[in-house]
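Please keep the sequence and the structure in view while reading.

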Amino acid sequence: MKKYIAAAAIALALAVGVGVYLGSGNTAAPASTFVLLDGSQKTTADLKGKVTLVNFWATSCVTCVGEMPKVIATYDKYKSQGYDTLAVAMSYDPPSYVVNFAETRKLPFKVAIDNTGSVAQAWGDVKLTPTTYLVNKQGEIVKRYVGEPDFAELHKLIEKLLAEA
């Protein structure tokens, strides 16, 4: 019996070790083209060189609307240090609502509309809003939040990523 327990403990330790090893790597942000409100385009490749928050949201999402002042404050706090934000409105969000929201709230960062849903699909089939990704300067996803992020923790992570080469 002791042999089985010892073997199970070793197998569990190996599985956890492999999980930590495999789970610690960042994945490249998916290749995407974002169509901005002004009709211009931005691609995932354009994110490289900055720490970027990619926020999937909707005007009909109470949590999204509630967190937006914190997203703006975070952008304002770090934008001069190489930080950017890209807000991606979901495909079901009427474009006129998105434009109205962006204008009335004076969103200081780029806003895209995912008309076809292809961007949300590429970024892990995003269905729940808000879903937010933090992308490092190398264009890799470092963290994914479903729901409103813990902004104190997010700020610490942004500061760490901004300090990296």
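From the N terminus on, the elements of the protein follow the order α-β-β-β-β-α-β-α-β-α-β-β-α. In total there are 5 helices and 8 strands. The model is a predicted one.

**Overall composition**

- The protein has 165 residues, and buried residues account for 41% of them.
- Of the contacts between residues at least 6 apart in sequence, 71% join residues at least 24 apart.

**The sheet**

- An open sheet is formed by 6 strands, arranged in the order S1-S8-S7-S4-S5-S6, and its pairing is mixed.
- In general, strands of a sheet pair through backbone hydrogen bonds, in either a parallel or an antiparallel manner.
- Strand S5 (residues 83–89) pairs with S6 in the parallel sense, over 4 bridges.
- Ala89 has Ile113 of S6 as its bridge partner.

**Helices on the sheet**

- Helix H2 (residues 62–78) lies across strand S4 (51–57), S5 and strand S7 (131–135), and runs at about 155° to S5.
- Helix H5 (residues 151–163) also packs on the sheet, where it touches S4, S5, S7 and strand S8 (140–146).
- The direction of H5 makes about 175° with that of S8.

**Helix H5 in detail**

- At the start of H5, the backbone nitrogen of Ala152 has a side-chain oxygen of Asp150 within 3.1 Å.
- H5 has 13 residues, which at 1.5 Å a residue should span 18 Å; the end C-alpha atoms are 18 Å apart, in agreement with that expectation.
- Phe151, Leu154, His155, Leu157, Ile158, Leu161 and Leu162 are the buried residues of H5.
- Viewed down the axis of H5, these buried residues fall within an arc of 165°, so they line one face of the helix.
- The partners against which the buried residues of H5 pack are S4, H2, S5, S7 and S8.
- Exposed residues, namely Ala152, Lys156, Lys160 and Ala163, lie on the other side of H5.

Note on methods: Residues are numbered from 1 along each chain as its sequence is written. This is a predicted model: local features need pLDDT of at least 70, side-chain atom pairs count only at pLDDT 80 or more; totals for chains, interfaces and linings use all residues. Side-chain values use heavy atoms; hydrogens and water are left out. Two strands pair if DSSP finds at least two bridges between them. Helices (H or I, at least four residues) and strands (E, at least two) are DSSP runs, numbered from the N terminus. Contact means heavy atoms within 4.5 Å. Axes are lines fitted to C-alpha atoms, for helices over the stretch in contact, and angles run from 0 to 180 degrees between N-to-C directions. The expected span of a helix is 1.5 Å times one less than its number of residues. Buried means under 20% relative accessible area, exposed over 50%, partly exposed in between (1.4 Å probe, protein chains only). The arc is that of the directions from the helix axis to the C-beta atoms. A polar contact is a pair of N or O atoms within 3.5 Å; within protein, one must be able to donate a hydrogen and the other to accept it, and residues adjacent in sequence count only if both atoms are side-chain atoms.
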